[in-house]
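Here's a quick tour of a ligand site and the chain contact that goes with it. Have a look at the model first, then read on.

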Amino acid sequence: MKRFITLALLAVWMVLPGWAQHEHQPRPSPTEAPAIYWVLVALAVVAIVGFMLWTLYGKMRPGRMTTLSYHALGALVIIMTLFTLVLYVIPAQQAQQLPATARAWDWKPGEILQDPAGSGLSGEPYRGYLVYLANGCTYCHTLYLRPEDLKTGWAEGARPNEVSQMGDFVRYPFTMLGTQRDGPDLTVIGRKIPDMQYQIDHLVDPRRFKPKSVMPSYRYLSERDLRDLAAYLVSLGNDPQKLRAGVAPTPKPTEDPKIAKGRELYRSLGCVGCHSLDGSPNVGPSFKGLWEREVEVVLPDGTTTRVIADGAYIRESITQASAKVVKGFPNVMPSFAERVTESDLDALVEYIKSLR
Amino acid sequence: MQEREKQAVKLWFFSSLVWLALGPLIGALMSLQFLWPDALNFLADLNLSYSKARIFHTNLVIYGWIAMSFVAAILFIIPKLCDVELQHARVAYWAGWLWNLSVALDLALIWAGIVGDPLLSIQPYEYAEAPLLVDLLIVIAAVMIIFSVHRTVLARKRPHLYVSVWYLLGGLYTTAITYLVGNFLTLAFTGLGNQIIHAWWLHNAVGMFITPLGIGIAYYLIPIAAQQPIYSHRLSILGFWTLMAFYPGTGLHHFLQMPMPTWIGEFSVISSVLLIIPVLAVVVNHLATPAQNWRRVFDSFPLRFSVFGTVYYLLTCIQGTFQTTHAVNWFVHFTEWVQAHAHLALTGAFTCYGMAALIYIFPRVTGRQLYSRTLVSWVFWIMAVVFPLFYLAFTHSGLVTGVSVNLLNHTIYETISAVWLARFFRTLMGAGVVLGFLLFGYLIVRSLRVGPRFEEGTNEVAEPAPAPATRRVTV
Ligand code: HEM
């Protein structure tokens, strides 16, 4: 009787989680299991149930084991291990033979990437990936986007069409998807911050741009390692074809020097780390189309009002970030009051104005 | 025991202590990264960073402490169960030096961080970061150990194989297969295929390597220390074979939400839930055996530590089967909840087994008792009280992250300040656990000099000297 109750409880334990499975099933199946898999599963279930019944109720005759049967059982241990290995090798084969998606990461050893921000820097993304490996970035950062990530805070600024698919990874020599996120996912970091110089500066001293960051300083890396790593980061989330062709929004020759200076400050002060130029929100709102837009802000006393993003508002945002906090965003922007001069502020305002 | 057998056991024994002192200490140090990141900037001057230190930490505790203490225990237990002396004890001894050399070389190469060298660069597999050169050395050392142990089993005088022998010998072979897959077979796959094989390795590193060896050791220690026969022979058979059947397929539950063929992900989830069968079989056997004689728990420290280990093992696996379902996994994945689980298993369950084994073995290879009951009790209570607090702080930090990012849609950058306090407690309690390990090392090293002589049949730990009897003056 006791045994039946135990078995029944066990069965419940196993069936219950099965019910909850499908609700959070992240994605539809990209490949089907081979038919032999189901045959094997059925056989395994029968074998397991039979075996359990035998150990619980069967007759045991100790002392009847011969040397041969010991060896046979020993071999069985190894066979069972190898059996599941084969089960894993099948989908692994399928996965590496899928066709690549158009946006799949695709950089060969030796290939060079020019900084799309137009700084004149260049680096080797493939080697950068190896630097990423050698320094263990994978213990804080992941390299894949789940559908859930769009609905939650895991992937600021990621877009629905950027959710990872199996074909995105086929050109990688090996993968480092990662199991822990102490920092943001980096799948599309290159699309969000396409700027090698910023990436290098951030690697050397992350808290210069993000005062609360817990990311370690990688200032010990050599010049070459830093450049390659930055090139790798910039290659993430960008179509490799376009990067090779140079999508760089090269400064127009007739550009106002103030705007050029503003662009330079945007990078060197680290605004690029939180504000994108392509309309997608990052830590902070995008600068694209900000000029003279109506913004809903929260005042220090908790009330909300609407203001027009004019020069005065932008200046105040830079020097006194917490005076008006954009609704829906956290109050984490550092104050730049001590770091910018009056002409810097002018340049930044002009630059933002140019980004309609 | 022959002198050369003792020498082999001692080498593995004392090396494991060195790594036990070092690995967790590095862990405590690097946890400061999450509290005062600038305080660890000095690491950059040494060509180091949090992320490299993390590899040091995991490799040291797994290959330095767990593996070496378990092998010390295996070299001691297998000959006892087979009633012969350890065969080829010299080989096992030199394997110990080779293993130490590999661990040290592993650290040196990770520290050097060489980029793009096929033999000397870090490998991209968690817990198998060791560069290929180190892997080759480890494989040689493992083959030497398996050779010596298997020859011992073949030369046995007792025909029947006790369940520990099954776990230990089988575990050594599955360890070998797993290690070869994680470090060498992975080289044959690119893209996501590589990640799938990586996943097979990742859980079998714990499931086919640490788990069977640890359980085999506990299966030896618990009956002998409790002075009771094993509770159920049937359950031990059930536990062993269902472990071998269900464990190897579970790996992909570490990457449940990556894009992959759904059927293989479901296979891993179902295997993981089924794992509750071998776990319950083992746990019932381990807890019901001493139940007839609970008072022994007060005298016998090996028993106390291993029973505690089993309790932690049960908790780990209940948590494991729970978090393996999609319904829970999407919430806790990527957070420190998972690291808490990993520590419950490795620091809680398997370190307790390792310590139990060392306490049991020490008097029998050195001829001295451990010198201080107070100190062993301190270590025990640290493992029983401070460690659970450490675990809770770790879990708390994971849950806060989960709530903040999954439910409140905060970014990770905003969440950093929300988890500060939980991480602070984690460091605090972690430091307590490290202190326990250092005390343990101190206790053993000091007992070498001052421990009273040990006779078979007396306690492993010296009884406090009886207070000088006060003379009763009769008139
Ligand atoms: C019934 C038994 C167990 C089950 C079902 C189980 C399940 C899991 C799952 C699902 C994860 C991944 C969670 C995630 O990343 O979202 C995990 C992680 C982990 N488990 Fe277990 N576990 C079990 C027992 C053990 C044991 C016995 C050990 C140690 C010997 C262990 C060590 C680990 C480690 C080290 C990790 C962290 C891996 C990483 O760094 O990502 N587990 N476990």
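His341(B) is the only protein donor of the iron atom of the ligand, reaching it through NE2 at 2.1 Å; donors here are N, O and S atoms within 2.8 Å of the metal (3.2 Å for Na, K and Ca), and water is not among the atoms, so sites may look incomplete. His341(B) sits in helix α14 of chain B.

A word on ground rules: this is a predicted model, where local features need pLDDT of at least 70 and side-chain atom pairs count only at pLDDT 80 or more, while totals for chains, interfaces and linings use all residues. Residues are numbered from 1 along each chain as its sequence is written, chains are lettered from A and ligands numbered from 1 in the order in which they are written, and side-chain values use heavy atoms, with hydrogens and water left out.

**Around the ligand**

The shell around the ligand holds 27 residues, with Glu126(B), Tyr127(B), Asn329(B), His333(B) and His341(B) the closest; a residue is in if one of its heavy atoms lies within 4 Å. By class, the shell has 11 nonpolar residues, 15 polar and one charged (Ala, Val, Leu, Ile, Met, Phe, Trp, Tyr, Cys and Pro are nonpolar, Asp, Glu, Lys and Arg charged, the others, Gly among them, polar).

| Residue | Distance to a ligand oxygen atom |
|---|---|
| Thr179(A) | 3.2 Å |
| Asn329(B) | 3.0 Å |
| His333(B) | 2.5 Å |

In chain B, α7 (191-226), α12 (301-323) and α14 (336-366) are the elements that give two or more residues to this shell. These helices are DSSP runs (H or I, at least four residues), numbered from the N terminus. The biggest giver is α14(B), with seven residues.

**Between the chains**

The contact (heavy atoms within 4.5 Å) takes in 106 residues of chain B and 101 residues of chain A. Together the two chains bury about 9,200 Å², 69% of it on carbon and sulfur atoms; that is the accessible area (1.4 Å probe) lost on being put together, summed over both. Of what chain B buries against chain A, Trp263(B), Phe334(B) and Tyr413(B) supply 11%, more than any other three residues.

Three salt bridges join chain B and chain A, each a side-chain nitrogen of Lys or Arg within 4 Å of a carboxyl oxygen of Asp or Glu. Asp45(B) and Arg219(A) meet in a salt bridge, N to O at 2.9 Å.

Key:
Polar contact = N/O pair within 3.5 Å; in protein donor to acceptor, adjacent residues only side chain to side chain.
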